[in-house]
Amino acid sequence: MTGKPAPYPVKLENVWFNARTKPLIKDISATFADEEGLTVILGPNGAGKSLLLRLCHGILPAHEGLVTWGGGDDPGLHDHRQAMVFQRPVHLRRTAGGNIDFALKLHKMPRLQRAQRIDEALELTGLSRYRAIPARLLSFGEQQRLALARAWALAPDLLLLDEPTANLDPAAQRLIEEVLLKMIAGGTRVLMSSHDLNQARRLASHVVFLYRGRIKEQSSAEQFFAGPKNDLAQSFLRGDLLWWRRRAVFAPDPDKEDDKF
Amino acid sequence: MNDIWQAMATAVNLLAGLDASLVEIVARSLGVSLTAVVLATLIGLPLGAVLALSRFPGRRVILVIMNALMGLPPVVVGLIVLLMLSRSGPMGALGLLFTPAAMIIAQTILVLPIIVALSSTVIESLWQEYEEQMMSLGAGPWARVLALLWDGRFALMTTVLAGFGRANAEVGAVMIVGGNIDHVTRVMTTAIALEASRGDLALALGLGIVLLLLSLAINAASYSVREFARHRYQA
């Protein structure tokens, strides 16, 4: 399971997700992570980035449409080939090492191998000296690094990250980014949501621009940052896109059907 | 006033000298209540986990009923168990009435709702915190339940202690189904009730002191468990 990651594209076909009757993800058809590198889902707050990631991870069911993984036609839950790091790290009430061990046990890794893997994961994230410390006593930044260490230890083909550095100071953020770059170089495909444009510029090879539950643009990072075609994406890059005051910020509405919702 | 002080002095002497009849009653009390709590925990924890983690019609109704039953009057439980175990009752053939076994059954019924209701609250709030992460890791039902029970162990321990406190202190149920027979079914609370009405205050006071100390010890244990968990795991 620690071999080179294999391609593991996520394919969405006409996917809808509603909160009660209000649609939050609207008719998305797209394929993510079919190429190597990091795909960043950009968009303002409330665009549906976190929802889209959870749908891609299979921990939320689509209300309509189909999500499939690995190019297969099995629409079932993921098969231990994905890992996700959430915006707020969740750790069990046991030690830092114990938390990684719990995840590896679920992946049926033999005991001896587990011990070694835990060492490597903690080393990579600079947490070696916390191995025997209860995870919930660590600082927020350390807990987030531990969450990433746990995800890395599982050697996923696809890694999903929900704004993993949103609440971190610059040093902790850099540490996380360094680990991410190593994983990307190792062939892990990453799907990450963010509203941090500088971070996206540093890490991303592909960009998905999400606005009000719809994908407005999907292109290579180079293309996107050179100048997106979509006017909403343009104003997002300029920093004057607010999702709740769309009309006030710029004049003609190119895509009126959105306002029905 | 003198009588009371004299009784108090005798009570302390009984305690200090580990008076045989006093020790016998205390031991029987603890035996009955501890057995009842162990049984109620073995039945109640899995029930609490199921109520916390599954969704089925009637789940809320059961939870409300369990919460209501936490305040179940012991005498009513005694009465019902008496009817079940009396010779003409459905379980009369077992011949359990007026034995410690009958008292254990009654106390188990009393403690069960406490363990079910409190443990399902503990497990459910922990699950709300863990749900996404567990799903993400691909944890199956068994792995989930075991992790929740283990991580909730301190909070669950305090619910068991709460159950023990209830069993230990109640008098109505054990009086009715046990009969307060000397050397057979006499426990602390029933002995106190009897001796107080007979006017033998020394033994009643001695047992009362033991009961109070036990209750104090249970609460101290509960508090220490919570404090330990908070310091160690920020739980």
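Tutor: Angles under 35 degrees count as roughly parallel, those over 145 as roughly antiparallel, those from 65 to 115 as roughly perpendicular, and the rest as oblique. Please keep in mind that this is a predicted model.

Student: Which residues of H2(B) and H10(B) meet?

Tutor: From H2(B) come Leu22(B), Ile25(B) and Val26(B), which meet Leu203(B), Gly206(B), Leu207(B) and Val210(B) of H10(B). By class, this contact of H2(B) with H10(B) has six nonpolar residues, one polar and no charged; Gly counts as polar.

Student: What makes H4(B) oblique to H5(B)?

Tutor: Here the axes of helix H4 (residues 74-85) of chain B and helix H5 (residues 100-137) of chain B come within 10 Å, crossing at roughly 130°. Since antiparallel needs over 145 and perpendicular ends at 115, H4(B) is oblique to H5(B). The crossing of H4(B) and H5(B) is right-handed. The residues in contact include Val77(B) and Gly78(B) of H4(B) and Ile105(B) and Ala106(B) of H5(B), and the contact as a whole has nine nonpolar, one polar and no charged residues.

Key: Residues are numbered from 1 along each chain as its sequence is written. Chains are lettered from A and ligands numbered from 1 in the order in which they are written. This is a predicted model: local features need pLDDT of at least 70, side-chain atom pairs count only at pLDDT 80 or more; totals for chains, interfaces and linings use all residues. Axes are lines fitted to C-alpha atoms, for helices over the stretch in contact, and angles run from 0 to 180 degrees between N-to-C directions. Helices (H or I, at least four residues) and strands (E, at least two) are DSSP runs, numbered from the N terminus. A crossing is left-handed if the near helix is turned anticlockwise from the far one by less than a right angle, and right-handed if clockwise. Two residues are in contact if their C-beta atoms, placed from the backbone, lie within 7 Å.
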